[in-house]
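Dear colleague,

I am passing on to you the structure we talked about, together with some notes on it. Please read the notes with the model open beside them.

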Amino acid sequence: MRKNKTNVTVVGATGYLGKYVVRELISQGYNTTALVRRLNKLNDIESVKTKKVDFLNVDTLAGVLTQTDVLISCLGITRQQDSFSYMDIDYQANLNVLEEAKKAGVKKVIYVAVYKGEQFKKTALCAAKEKFVQEVKKSGLEYCIVRPTGFFSDMADFFDMALKGKVYLFGDGSCSINPIHGYDLAKEMIELTSLEKDLIQELNIGGPVSYTQKELAELAFKALRKPIKIVYIPNFFRRLTLKAGKLFISTKVFGPIEFFLSLMSVDMNAPLYGHKEITSFFDKLAKKVGMSK
């Protein structure tokens, strides 16, 4: 492992992607610090320094980014918990860190948003993320907005439905996506954004293989060694659910559903990167539930 004088601070370090980012930074020799709400969340990663903060309390952020050269934010929530909203975390918490970064003289900021996020600004999740993207762009700092198509962990929804016996798809299941594994995304984003050089401003990134939703369902059933049972639901019902959900279901409950239903209607194919394929991910999930091949 080479030593690197660049000091990198990661927020959102305890999440699915954040842990991969921290591990990759350490493996590449970067001086790595993680800002976390709970100190014990990264006990399994050696060589990372941790600082406990409350992202919604600016007093706890004072001085934590001193000597930081590059700030990487994977901070965000998929499912709203602890009464926090998307605007609380994906926007305000990130903004609090960004304001502290400007005070501390941080040179560069990398933020993980959503591929085609501007197209989905009507969803509560992307509304918060894209609002923060605009703050980054006008911050005066050198920046890169990383836009992954979707994580392997997101594809677990197909597996979970298959495990229950049926996968429900809207339309004919032909919309496609090339999801990326957290390990591949962490490795590629750190290499491609060249932390020691000028950052590119936007990075659209997906995994090495594109799958239709129908193919993802079939692969999930194959991993479970279950017969393929796919129910195709007319897109009309998806649109109706989106409208009704906003009216009758709380944002806390409906937010993830709204995001999932919105993405189900479009192709999410970005430039191909990485090496890990979804088949191995589904196989590991099947092994966990005792139904591997």
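Two strands are taken to pair if DSSP finds at least two bridges between them, and helices (H or I, at least four residues) and strands (E, at least two) are DSSP runs, numbered from the N terminus. This is a predicted model, in which local features need pLDDT of at least 70 and side-chain atom pairs count only at pLDDT 80 or more, while totals for chains, interfaces and linings use all residues. Residues are numbered from 1 along each chain as its sequence is written, and side-chain values use heavy atoms, with hydrogens and water left out.

Strand β2 (residues 31-36) pairs in the parallel sense with strand β3 (residues 49-52) over four bridges, and there K51 of β3 is the bridge partner of L35. Strand β1 (residues 7-11) also pairs with β2 in the parallel sense, over five bridges, with T9 standing opposite T33 of β2. Between β1 and β2 the chain passes through helix α1 (residues 16-27), in a β-α-β crossover that is right-handed (with the strands pointing away from the viewer, the path from the first strand over the helix to the second runs clockwise). Five of the six residues of β2 are buried, so this strand is largely enclosed by the rest of the structure (buried means under 20% relative accessible area, with a 1.4 Å probe and protein chains only).

Elsewhere, S139 lies in the loop between α4 (124-137) and β6 (142-148), and at 12% relative accessibility S139 counts as buried. Leaving aside residues up to four places away in sequence, S139 touches L98 and K102 (contact means heavy atoms within 4.5 Å).

With best regards

Key. Buried < 20%, exposed > 50% of the residue type's maximum accessible area, 1.4 Å probe, protein only.
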